[in-house]
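Student: I am new to this structure and would like to get to know it. Could you walk me through it with a few questions and answers?

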Amino acid sequence: MSNKQNLPIDRRITKSKQALMDALLSLMQTKEFKKITVTDIVKTANLNRGTFYKHYEYKEDLLDEIVDDVIADLISSYREPYKDTETFELKTLTSSAIKIFEHVSHKKEFYSLMVKSNALSGLQSKLCDVLKEVTLRDLKGVQFNPKINRELQASFYVHAMLGMITEWINHGFEYDSNYMSEQLLEILQSRQGDKVFKLT
């Protein structure tokens, strides 16, 4: 009974917090974070100051929650191709199973800020560290090449993928997320050892 009574309250809280998050991200598109006030945020969100202070003490707390939510969703989308399997083989991977670009597309306002806002400086490095940790923990590699340092390999793949994402952002998301997933799959599955490069 109590759960049913709490449900509408929980929805209101979620709706209010989302409105505040959306308002802050919208304001950050045109205004430096340090110049944004709580009044700016609540006016944009069409809420009162009391609602803001019910959930956050400072605007930095709101931004921290936005970042935490994005990182949680990023990890979830990164794990999507292997979340329901005991083994994961690159040769059986399909582009439709790759969800990380879909995630970035859904959060494009945030990711655009990541590459241009001082308030999010250092975030790209943090994302690399997070995904590297997930890779090392999740993908043990039963037939792992003993000559390859796992940490360096994980770092290589994660930085390469985030490099693609940064390039995509810098070019205004000119391709759709499906195309980006297809390109990543082609890159991962291509055998670079078979290629011959001419040096001019």
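**Salt bridges, rings and helices**

Tutor: Let us start with a count: there are 9 salt bridges, a salt bridge being a side-chain nitrogen of Lys or Arg within 4 Å of a carboxyl oxygen of Asp or Glu. This is a predicted model, in which local features need pLDDT of at least 70 and side-chain atom pairs count only at pLDDT 80 or more, while totals for chains, interfaces and linings use all residues. Residues are numbered from 1 along each chain as its sequence is written, and side-chain values use heavy atoms, with hydrogens and water left out.

Student: Which parts does the pair of Glu-151 and Lys-132 tie together?

Tutor: The side chains of Glu-151 and Lys-132 meet in a salt bridge, 3.6 Å from N to O. Helices here are DSSP runs of H or I with at least four residues, and strands are runs of E with at least two, numbered from the N terminus. Glu-151 lies in helix 8 and Lys-132 in helix 7, so the pair ties together parts 19 residues apart in sequence: helix 8 and helix 7.

Student: Is Glu-151 buried, exposed or partly exposed?

Tutor: Buried means under 20% relative accessible area, exposed means over 50%, and partly exposed is in between, using a 1.4 Å probe and protein chains only. Glu-151 has a relative accessible area of 46%, so the word for Glu-151 is partly exposed.

Student: How far apart are the end C-alpha atoms of helix 8?

Tutor: The expected span of a helix is 1.5 Å times one less than its number of residues. Helix 8 has 21 residues and should therefore span 30 Å. The distance between its end C-alpha atoms agrees: 30 Å.

Student: What covers the buried residues of helix 8?

Tutor: The buried residues of helix 8 include Val-158, Leu-162, Ile-165 and Trp-168. Contact means heavy atoms within 4.5 Å. What covers those buried residues includes helix 4 (59-79), helix 5, helix 6 (108-116), helix 7 (123-138) and helix 9 (177-189).

Student: Which residue follows helix 8 with a positive phi?

Tutor: At the start of helix 8, a side-chain oxygen of Asn-149 reaches to within 2.9 Å of the backbone nitrogen of Glu-151. After helix 8 comes a residue whose phi is positive, near 65 degrees: Gly-172.

Student: What kind of aromatic pair do Phe-101 and Trp-168 form?

Tutor: The structure holds 7 aromatic pairs. Rings of Phe, Tyr and Trp (its six-membered ring) pair if their centres lie within 6.5 Å; planes under 30 degrees apart count as stacked, over 60 as edge-to-face and the rest as tilted. Phe-101 and Trp-168 are 5.7 Å apart centre to centre, with 75 degrees between the planes, so by that rule the pair is edge-to-face.

Student: How many residues apart in sequence are the parts that this pair ties together?

Tutor: Both Phe-101 and Trp-168 are buried. Phe-101 lies in helix 5 (residues 100-106) and Trp-168 in helix 8 (residues 150-170), so the parts they tie together are apart in sequence by 67 residues.

Student: Which ring does the charged end of Lys-59 sit over?

Tutor: A charge sits over a ring if NZ of Lys or CZ of Arg is within 6 Å of the ring centre and within 35 degrees of the ring normal. Lys-108, for one, lies over the face of Phe-173, at 4.9 Å from the ring centre. The charged end of Lys-59 sits 4.7 Å from the centre of the ring of Phe-33.

Note on methods:
Polar contact = N/O pair within 3.5 Å; in protein donor to acceptor, adjacent residues only side chain to side chain.
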